[in-house]
Amino acid sequence: MEDLNQRIEDTLNSIDGLQKAEVPAFFYTRVHARLERKLAMPQNTWMPVRKPVWVIGILTVLLVANVFLIASPSNKVSIEAAETSNLQGFASSYGLTTSSGY
Amino acid sequence: MNETQLIQQLQQGDRQAFTTMVQAYQHMVYNTVLGIVQQVQEAEDVAQEVFVQAYLSVQNFRGDSKMSTWLYRIAITKALDCERKKKAKKRFNLVKNVLGIGEKEEEQVVDFHHPGVQLDNKEQAAILFKAMKQLPENQRIAFTLIKVEGLNYDETSAIMQTTVKAVEALMHRAKENLRKSLRNYYSNHS
């Protein structure tokens, strides 16, 4: 048991005084090339939000807003009013109103 | 050139300042990432991404912390992202294998041998690095910064944006969890 505990403590201390790893050769050259590639890429300005969770969230909100607007009673009234005024306009432009005399 | 001047020049898009930043901090960033991802090729890839990200987001750096602290944060975030992607890919492959979709990919588990470990401790250090992968993220970051990077508790708390007491608690829990993992490992491999 004591042996096991000692082994565990030795393992925990095995990275004490760890030396730094050397950075791979030509690291800077590769970073520079990567940066140039990134800067040369066209920026996606038409869609500022790219995370799928945000895109789905925004689309859901838009969908709910649309459904709400279409289903709202005030919208129905205004649609009916618009239809009536359209019909009246159509009738008057072709002289089909009841007030037009012969 | 002092740090403030370097930041100002980076914010003006000066490429010479970028070269200075990479040369000054490449060892720090690479070693931090290597301690987390534990794979040389991946560590280089992630470290490159850290500097590109730093250059692209330097406009948002307000200078309220040291540049090294800011770079440590980017390095840790990128390294942990890389680890999460690997885990997600592993889970996806497991599901594919269970459903019998696609080709079966053999997972190769290779022990990580840190190049800076003394030869006498090589095997034990590999076992410890493997156990570190099982730690919760915060404990893993604290343990890596203190034991691998050799930072003190003050520096670690600044990077992790927490108190020294919280870092001490994280280190205590990390060591306890590592002791448990190592006990299991040695019990199964004796």
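In chain B, confidence is lowest in H4(B), with a mean of 91, and highest in helix H7 (residues 153–160) of chain B, at 97. The score is pLDDT, the predictor's confidence in each residue, from 0 to 100. Helices (H or I, at least four residues) and strands (E, at least two) are DSSP runs, numbered from the N terminus. This is a predicted model, in which local features need pLDDT of at least 70 and side-chain atom pairs count only at pLDDT 80 or more, while totals for chains, interfaces and linings use all residues. Residues are numbered from 1 along each chain as its sequence is written, and chains are lettered from A and ligands numbered from 1 in the order in which they are written.

**Confidence**
- Chain B has a mean pLDDT of 92, and 96% of its residues reach 70 or more.
- The model's ipTM is 0.83 and its pTM is 0.77.

**Chain B against chain A**
- The contact joins 30 residues of chain B to 22 residues of chain A. Two residues are in contact if their C-beta atoms, placed from the backbone, lie within 7 Å.
- On chain B's side, helix H2 (15–37), helix H3 (40–57), helix H5 (122–132), helix H6 (137–148) and helix H8 (164–188) each supply at least two residues.
- H2(B) gives the largest share of that side, eight residues.
- By class, that side of chain B has 15 nonpolar, 10 polar and five charged residues. Ala, Val, Leu, Ile, Met, Phe, Trp, Tyr, Cys and Pro count as nonpolar, Asp, Glu, Lys and Arg as charged, and the others, Gly among them, as polar.

**Two domains in chain B**
- Chain B splits into domain 1 (1–109) and domain 2 (111–190). These bounds come from an automatic or database domain assignment.
- The C-alpha centres of the two domains of chain B lie 20 Å apart.
- Domain 1 of chain B puts 12 residues into the contact, and domain 2 of chain B puts in nine.
- On the domain 1 side, H2 and helix H4 (67–99) of chain B each supply at least two residues.
- H4(B) provides the largest share of the domain 1 side, five residues.

**H2(B) on H4(B)**
- H2(B) and H4(B) pack at an angle of about 30°, with their axes 9 Å apart. Axes are lines fitted to C-alpha atoms, for helices over the stretch in contact, and angles run from 0 to 180 degrees between N-to-C directions.
- H2(B) and H4(B) are therefore roughly parallel to each other (angles under 35 degrees).
- The residues of this contact between H2(B) and H4(B) comprise 13 nonpolar, two polar and one charged.

Key: Parallel < 35°, antiparallel > 145°, perpendicular 65-115°, else oblique.
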